[in-house]
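These are my notebook entries on a model that I went through chain by chain. I kept them in the order in which I looked things up.

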Amino acid sequence: MDIIVCIRRAPTTDARIKPGADGKTYDPAGVNFDISEYDKFAIEAGIALKEKHSGQVTIVSVGPSAATKELRTAIAMGCDAAHLLVSDAQHDSYALAQVLAGKIKELPHDIVLFGWASVDGQSASTGQMVAEMLGLPSVSVAVALEVVDGKASVDRVAAHGNRERYEINLPAVVTCTKGLNKPRSANMKGIMAAKKTAVPETPANAPADGVAVVKMDPPPPRAEGKIVGKGAEAVGALVKALREEAKVI
Amino acid sequence: MPNDVLVFVEFADGSPTKAGLQALGAGSKLATELGGQAIALVIGSATAELGKHGASRMLVAGGDAVASYSPDGFARIVSEQAAATGAAAVLASATPMGKDFMARAAAMSKCGLAADCTELKSEGGKPRAVRPVYAGKALQTVEAPGPLWATLRPNVFAEVSSDNAAAAETVAVSFGPGDLKAVVKEILAGVKGKLDVAEAEIVVSGGRGLKDPAGEGKQNWENLEKLAEQLGAATGASRAVVDAGWRPHGEQVGQTGKTVSPKLYVACGISGAIQHLAGMSGSKVIVAINKDENAPIFKVADFGIVGMVEDVVPALTAALKEAMGS
């Protein structure tokens, strides 16, 4: 099986995000990066499919040259190859999807996996957009994935805790979430292999964003709260506050 | 018309969903600002009097091809109607369904998508949206060169009432069931009547302070469920307790879980890691119950009680029962 996993280098979730000097993107000072959380479930799903059906897992990513670090982490986990489409800009999902779809078209692909959303832009849309651009079926937010006879059986999270089950023909796009698997850590053998694997970098040539950022602001500060009391005897004061001050019950 | 707003209104069990009516309310307000009208789009056989909820027109697409949900099928209908109406903005709720197909629909229409927006406005006659990014650590204001495609976070926008006729106008579906790439084959039901944490008006969340439900924390989690029931709330959880396997993944609130904006968020035994705070600090009112008065959760809480969850949670349920008269 030819398995493609699209990943993203994103600020770690403990990062403090402040608008930068351009007022449109964040200030990268002091920010650490990692593979975006949900992409790790996609990487694990790809490696698991390879282990079951044989084949190869290829990582495709759009990001700055520094992202080769995250791509090598994916190789260390068990992926076989990685392509970095180099761009320093923070693109929207529509521009990203066009760059990714362009690259995926050049590569053999039976299944294309994504994390269901990135932890930074959180559009949860790049995977479905790539599917549309490639004319492939898509199922997003998968918590179960099995491939049998050229078809994928996928369960996705729907409203009210329901799951929807799909059976789709391959090639297809599936976006992955927590619950699908437990992403493995890289072992020493993988880390050594990753050091030796070349990660080709090509310019991304990204088109214009589908939605343009006019500005980025910090969230409005919350009004100073108060401790209404200590222990169980404080519940009366809390109920009164919720009723009369906040008027939410 | 170029000032109109097309709104996909989601239905469940034959009725419009709350999130669907909120999206219609937001669309109707935006249309008024733009000098146009809100056009509701319903997919499926059910209809409702959406003229009472802000719609000036109501388009209905039915038939075999859309008898079950299909991401590419729904995307195609919305994309076609976006073109047919020439709308300035195309909206849907940021629910599991809306998030799924709107990205496809926007790409089909050669447009980007402003996802999970919390504000819509008109600026110089063009629609603009505000969306939280980095789980609410920053807010982006965005606009599009062409029509603005956006999904709207549930519980943020208000429903509206109106008195429009908005008779159902049937729109043709240009494809058959055989043309679809992915269709729901089966729905595996979750817990009946269980509210989703991302859609609920009130969320009661538990953290590590409630302890292991398979051991000494059993009573604490039962107490948390009772409090949620009393408030008509969905239950949420911190990452720590989800990773420990104490609660299901779907309940996780935070940057690596769900970002929520309910009218009331009650955090019990949650200290407030930055990822959790990012995911819930858009809530209108926050209550925190924690034994550690220095816990970061108290920095975002409107009302706090310093105390043991073992004592405070059941006492709060009892006090609410009395105050709410049931």
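**Domains of chain B.** I began with the domain assignment of chain B, which gives domain 1 (5-179) and domain 2 (202-324); such bounds come from an automatic or database domain assignment. The C-alpha centres of domain 1 of chain B and domain 2 of chain B lie 33 Å apart. I then looked up the contacts, where two residues are in contact if their C-beta atoms, placed from the backbone, lie within 7 Å, and found that nine residues of domain 1 of chain B touch 11 residues of domain 2 of chain B. On the domain 1 side, four of these residues are nonpolar, three polar and two charged, with Ala, Val, Leu, Ile, Met, Phe, Trp, Tyr, Cys and Pro counted as nonpolar, Asp, Glu, Lys and Arg as charged, and the others, Gly among them, as polar.

**Conventions.** I noted that this is a predicted model in which local features need pLDDT of at least 70 and side-chain atom pairs count only at pLDDT 80 or more, while totals for chains, interfaces and linings use all residues. Residues are numbered from 1 along each chain as its sequence is written, and chains are lettered from A and ligands numbered from 1 in the order in which they are written.

**Between the chains.** I next looked up the interface, in which 73 residues of chain B are in contact with 72 residues of chain A. For secondary structure I used DSSP runs, numbered from the N terminus, with helices (H or I) of at least four residues and strands (E) of at least two; two strands pair if DSSP finds at least two bridges between them. Strand β9 (residues 163-169) of chain A pairs with strand β13 (residues 184-188) of chain B in the antiparallel sense over four bridges, and R163(A) has L188(B) as its bridge partner in β13(B).

**Cores.** Here a residue is buried if 20 or more other C-beta atoms lie within 10 Å of its own, exposed if 12 or fewer, and partly exposed in between. A nonpolar core is a set of buried Ala, Val, Leu, Ile, Met, Phe, Trp, Tyr and Cys residues joined through C-beta atoms within 7 Å. The largest one has 130 residues, of which V5(B), V7(B) and A40(B) touch the most other members. Apart from it lies another core, of 62 residues, including Y26(A) and V197(B).

**Chain A.** I counted six helices and 13 strands in chain A, and 50% of its 249 residues count as buried. Which partners does β1(A) have? With strand β4 (residues 56-63) of chain A, β1(A) pairs in the parallel sense over six bridges, V5(A) standing opposite I59(A). With strand β6 (residues 111-115) of chain A, β1(A) pairs in the parallel sense over three bridges, I3(A) standing opposite I111(A). Five of the six residues of β1(A) (residues 2-7) are buried, so this strand is largely enclosed by the rest of the structure.

**Helix α4(A).** Eight of the nine residues of helix α4 (residues 126-134) of chain A are buried, so the helix is largely enclosed by the rest of the structure. Its buried residues pack against α3 (93-106), β6, β7 (138-148) and β10 (172-176) of chain A, and also against α2 (71-85) and α3 (96-108) of chain B. After α4(A) comes G135(A), with a positive phi near 70 degrees.
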